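Here is a short report for a first look at this chain.

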Amino acid sequence: LLLEQPTLVMELLLQESTAASGNFRERLMDVAERATRRLRPLRRKSSATDEDVQYIDQVGDYPDHRLGQVDVPAVVETLFGFALDRLSGDWGQRVGGDAGRLVTELVGAHPEELMAGGKGIYAVIGHLIEESRRGSVDSNSLATPGPLAVLERMTTRQTHASLMGDLRKALAAFANVDVNAVLDVVEPLLDVPMPTADSAPQRDQAHGQTGDNTAPPPDPDAVAQLDVRAELLELLGDLAHAHGLTPGVLGRILPRLTNHLLVGGPLIRATAIRALAEAYRGEQQLPSTFSDLLPALLGDPYLTVISALLHVLPSLVYRAGCIDSQHLPLIIRWALLIEPEICSHSQHDVEDVISVLHAVASRYDDPMTKLLLAKAFAFGKDLPSYDLKDHLETRWPAPVAHSAAFAELCVRAIQDPDAHDEGDEVVTLLLDAWPGADTLRLEQITALADLTPAQYPLAAAHYVELLG
């Protein structure tokens, strides 16, 4: 009925929702989702003939119901407006999350109908801005300390991030039809003056990323502006990756990404780094912008920017033509200098430091390769426990895999329950780490064997072999 008479049925649906329970509202949202699927029904195949045999969404429908004439543009517009309205969370956070996915699904299946006159693009951008403002205000309202407040803040942030991601995907779907039309709307938003640099730490505080309770409350408008700008920069990176071969697209995107690398605040610079790296993942040949800016980027003192660089550098170093060979020594010195700071403030990023050294080592020949890999392995001592096993299982050169340092790290992983060595893989690595394992004392080996439950004789046999 919603497909046949969208205006009437949607009006009745909204009337029923006025005083409805959360569960009933979720069922009403399910009606909209099913109607969306019926506009472009999926099929399941017969396993015997591999022929389309039945619409998935017709299973369970009344057999005497036959769908009448459907005005597809009218239905799509009605469902699109309904989904955008639910993004506000007026039907609850769960329905709001479903609405974000419904917007993405509608735009992905019917971009031409929703792009007419640019209304769909402006509508999505408008809700992106509104959701950013709402997210900044909601984060401020959850300042009460305590475990429950922490859980509330995490839930709010996850919902906010999910909705922002869905809206960005919707814009990317519009770009599949006309990328320049999307850029026409996005560019003016990125060309307006940015909030002051002081707004970046305010945004961190608003999103629970700092422990400073004495700072003044963050300005929600400044926080929202930064959020929108960050999302749009990520969108530009996606568009450059997907549509870089379209004439004129890179000429519109790259200068804006480069500008934000140079003049944005720390969070904006970090986002621009990730976006530019995404652009380089495309099939098109790009100018050496990133390589030219690398010396300045490596000198950035902010941990947010450093983490972004650590995350993208390995793939850029591996990709031919992205990073000039003359900058490789600079990257090595930078990685060696920042590792202690990373270990102190962001231990989970130590793995990225190791990945950077791995990537740089692939660009050299021996003996430089072995020296870099040995240094990368040595940083494994600073990894959190849950990363130790993967670090040990990485393919290391023989001088490293047979060293005393390798054996000592295996011992630490076996002793640490958070390393999750359920299958005794680390013990096997320790057996292969010869002659490095020979440096272990008998007391160390017997202490490790005592950790083995009695019902695992095979693991005990490994230690017998090691003692032998």
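Which side chains meet in a salt bridge at 3.0 Å, N to O? They are those of R256 and D191. This comes from a predicted model.

**Salt bridges**

The R256 and D191 pair links distant parts of the chain. R256 sits in helix α11 (residues 249–263), and D191 belongs to helix α8 (residues 179–191). The two are 65 residues apart. D191 counts as partly exposed because its relative accessibility is 46%, between the cut-offs of 20% and 50%.

A search of the whole structure turns up 13 salt bridges. Three of them are set out here.

| Pair | N to O distance |
|---|---|
| R168 and E231 | 2.4 Å |
| R256 and D191 | 3.0 Å |
| R281 and E278 | 2.7 Å |

R168 and E231 also tie together distant parts of the chain. R168 lies in helix α7 (residues 147–175). E231 lies in helix α10 (residues 220–243). The separation is 63 residues. Is R168 buried or exposed? R168 counts as buried, at 18% relative accessibility. E231 is buried too, with a relative accessible area of 14%.

R281 is partly exposed, at 48% relative accessible area. E278 has 19%, so it is buried, given a cut-off of under 20%.

Some salt bridges share partners. Through them, D184, E187, D191, R252 and R256 are joined into one network.

**A helix pair**

Two packed helices are described by the angle between their axes and the distance between the axes. How do the numbers look here? Helix α3 covers residues 72–86 and helix α4 covers residues 93–109. Their axes come within 8 Å and cross at roughly 145°. The crossing of α3 past α4 is left-handed.

On the α3 side, the residues that meet α4 are L79, F80, A83, L84 and R86. Their counterparts in α4 are V95, G96, A99, L102, V103, L106 and V107. By class, this contact has 10 nonpolar residues, 1 polar and 1 charged.

**Confidence**

The chain averages a pLDDT of 80, and 80% of the residues score at least 70. Among its elements, helix α16 (residues 350–361) has the highest mean pLDDT, 94. Helix α9 (residues 199–206) has the lowest, 43.

Residues 53–57 have a pLDDT below 50, yet this stretch has 16 contacts in the model beyond near neighbours in sequence. Residues 59–64 are also below 50, with 4 such contacts. Where pLDDT is low, the predicted coordinates should not be read in detail.

Methods:
Residues numbered from 1 in each chain as written. Heavy atoms only, no water. pLDDT = per-residue confidence, 0-100. Helix = DSSP H or I, 4+ residues; strand = E, 2+ residues; numbered from the N terminus. Contact = heavy atoms within 4.5 Å. Axes fitted to C-alpha atoms, helices over the stretch in contact; angles between N-to-C directions. Left-handed = near helix turned anticlockwise from the far one by under 90°. Nonpolar A, V, L, I, M, F, W, Y, C, P; charged D, E, K, R; others polar. Salt bridge = Lys/Arg side-chain N within 4 Å of Asp/Glu carboxyl O. Buried < 20%, exposed > 50% of the residue type's maximum accessible area, 1.4 Å probe, protein only.
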